[in-house]
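This report describes the protein shown below, from a single residue to the chain as a whole.

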Amino acid sequence: MLLLGCSSTRNMRVLTARPANITIDRSIKRIAIVNRAIPLQKSVVEGVLTGELPGTDAKLSRECISGINQELSSSNRFEVSLYNHELLSGSLSSTEFGPCLSWNTIGDICKKTGADAVLSLEYFDAAYTLENLSKASKTLDKVLVNNTGEAIFSAGGTASARAGFRIYNNTNRTISYENSYKHSKVWRQSARTYLEAASKLLKRNEAIVYVSRDLGANFSRQLIPMSYWEQRLMFKGKNPESVKAERLALTNNWEAAADAWLRAFNGATKPKERAAIAYNLALANEVLGSYDNAKKWIVTSYTEGGDKRALQYSRIIDGLIADHQRLQQ
């Protein structure tokens with residue numbers, strides 16, 4: 001920061017809109033969330049072998065649905081309806097995709113909820129594993145030493161979940177999305193013995209409930225366009241108009257700043273100075289959402305000065321233009 005303070009540039013933060021990782025047709029305004037991951041009844045033998053209590057999978061799928069509903073409802077991209085009937089999994093194992101829901105079923109759900117599409121949790125599975133006791137107690141990188149010379153053992157537990165999602169577009173009767181999604185989280189604790197460290201870990205049921213809800217929330221964020229603060233450079237002013245433009249930009253008056261930088265550019269004669277002002281004009285146009293003009297000015301900046309930072313910014317603007325086209329879709 002000290003070095004930047006003495007340089008000819010200053011750091012700026014720009015709020016940039018990015019499209020959703022999973023593109024949903026803009027005609028879809030309202031989504032119905034359906035839990036289709038209710039497992040078929042497990043046998044007593046299977047329950048004993050897996051160590052699962054009866055109804056655990058169903059409970060965890062509901063936690064996942066809760067995370068989906070909370071995240072999507074807080075966005076302004078979709079209106080959300082939670083379908084009040086749960087459906088049995090289409091898969092016998094309840095851990096993989098089964099046949100798609102019929103379009104009659106989808107149409108009925110959309111009619112009851114007023115939705116354009118159905119987001120269905122098709123299957124759900126979660127697990128919690130502890131590090132092997134004998135392996136952890138013998139592995140040197142699991143043993144720390146405190147300031148008194150005592151050995152400190154570290155124990156870890158991992159909760160993981162995986163789910164399958166489908167998005168049924170009822171307006172044109174197509175599957176807009178079908179894929180699996182995974183999420184996991186590791187907890188660690190330290191103590192004088194491995195057993196003591198393991199006992200301090202988050203308990204199994206709490207851990208898998210946490211991960212199940214988090215998986216739903218994380219997946220939902222893939223459907224929502226997001227805004228992020230990104231780092232940019234701005235060249236400091238070298239003449240009165242540029243100094244004025246810089247101050248206007250710092251007070252978030254970007255339109256007036258762009259006008260001042262344009263006057264400064266028209267009055268500048270040195271290539272390096274013109275390149276710096278053109279760079280700032282590209283920045284102003286990015287903030288104002290005029291990406292084509294931003295591209296024009298960054299090309300001018302690189303042509304005038306040959307600064308590799310302008311070339312790097314040009315690639316960023318190319319990405320913004322592509323993202324903007326996806327956002328419009």
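Leaving aside its neighbours within four places in sequence, with which residues is Ala-58 in contact? In this predicted model, the contacts of Ala-58 beyond those neighbours are with Ile-38 and Pro-39. Ala-58 belongs to helix H3. With a relative accessible area of 9%, Ala-58 is buried, because buried means under 20%. Between the C-alpha atoms of Ala-58 and Leu-88 there are 9.7 Å, although the two residues stand 30 residues apart along the chain.

**The protein as a whole**

The protein has 329 residues, and 43% of them are buried. Its secondary structure comprises 12 helices and 8 strands. Among contacts with a separation of 6 or more, 76% are between residues 24 or more positions apart. The accessible surface amounts to about 17800 Å², and carbon and sulfur atoms account for 52% of this area.

The confidence of the prediction should be read alongside these values. The mean pLDDT is 86, and 87% of the residues reach 70 or more. Over residues 1-6, however, the pLDDT is below 50, and this stretch has 5 contacts beyond near neighbours in sequence. Residues 43-54 also have a pLDDT below 50, with 4 such contacts.

**Nonpolar cores**

The largest nonpolar core contains 40 residues. Leu-72, Leu-119, Phe-124, Phe-165 and Leu-223 are the residues with the most contacts inside this core. Two or more residues come from each of strand S2 (30-35), helix H3 (56-73), strand S4 (117-130), strand S6, strand S7 (174-191), helix H6 (194-199) and helix H7 (204-221). Beyond its neighbours within four places in sequence, Leu-72 is in contact with Ile-33, Phe-78, Val-80, Leu-119, Ser-220, Leu-223 and Ile-224. Another core, of 32 residues, lies apart from the largest one; Ala-249, Trp-261, Leu-281 and Ala-282 are among its members.

**Aromatic rings**

The model contains 10 aromatic pairs. One of them joins Trp-103 and Tyr-168, whose ring centres are 5.9 Å apart and whose planes meet at 80°, so the pair is edge-to-face. Trp-103 lies in helix H4 (residues 103-113) and Tyr-168 in strand S6 (residues 151-169), so that this pair links parts of the chain 65 residues apart. Trp-103 is partly exposed, with a relative accessible area of 22%, whereas Tyr-168 is buried at 0%.

A further pair is formed by Trp-254 and Trp-261, with 6.4 Å from centre to centre and 45° between the planes, an arrangement described as tilted. Trp-254 is buried, at a relative accessible area of 8%, and Trp-261 is likewise buried, at 0%. Ring pairs also link Phe-165, Tyr-177, Tyr-181 and Phe-219 into a cluster.

| Charged residue | Ring | Distance from the ring centre |
|---|---|---|
| Arg-13 | Trp-229 | 4.5 Å |
| Arg-274 | Phe-265 | 4.1 Å |

Phe-165 has a place among the residues with the most contacts in the largest core and is part of the aromatic cluster. Trp-261 belongs to the core of 32 residues and pairs with Trp-254.

Key: Residues are numbered from 1 along each chain as its sequence is written. This is a predicted model: local features need pLDDT of at least 70, side-chain atom pairs count only at pLDDT 80 or more; totals for chains, interfaces and linings use all residues. Side-chain values use heavy atoms; hydrogens and water are left out. Rings of Phe, Tyr and Trp (its six-membered ring) pair if their centres lie within 6.5 Å; planes under 30 degrees apart count as stacked, over 60 as edge-to-face and the rest as tilted. Helices (H or I, at least four residues) and strands (E, at least two) are DSSP runs, numbered from the N terminus. Buried means under 20% relative accessible area, exposed over 50%, partly exposed in between (1.4 Å probe, protein chains only). A charge sits over a ring if NZ of Lys or CZ of Arg is within 6 Å of the ring centre and within 35 degrees of the ring normal. A nonpolar core is a set of buried Ala, Val, Leu, Ile, Met, Phe, Trp, Tyr and Cys residues joined through side-chain atoms within 4.5 Å. Contact means heavy atoms within 4.5 Å. pLDDT is the predictor's confidence in each residue, from 0 to 100. Accessible areas come from the Shrake-Rupley method with a 1.4 Å probe; for residues, only the protein chains shown count as cover.
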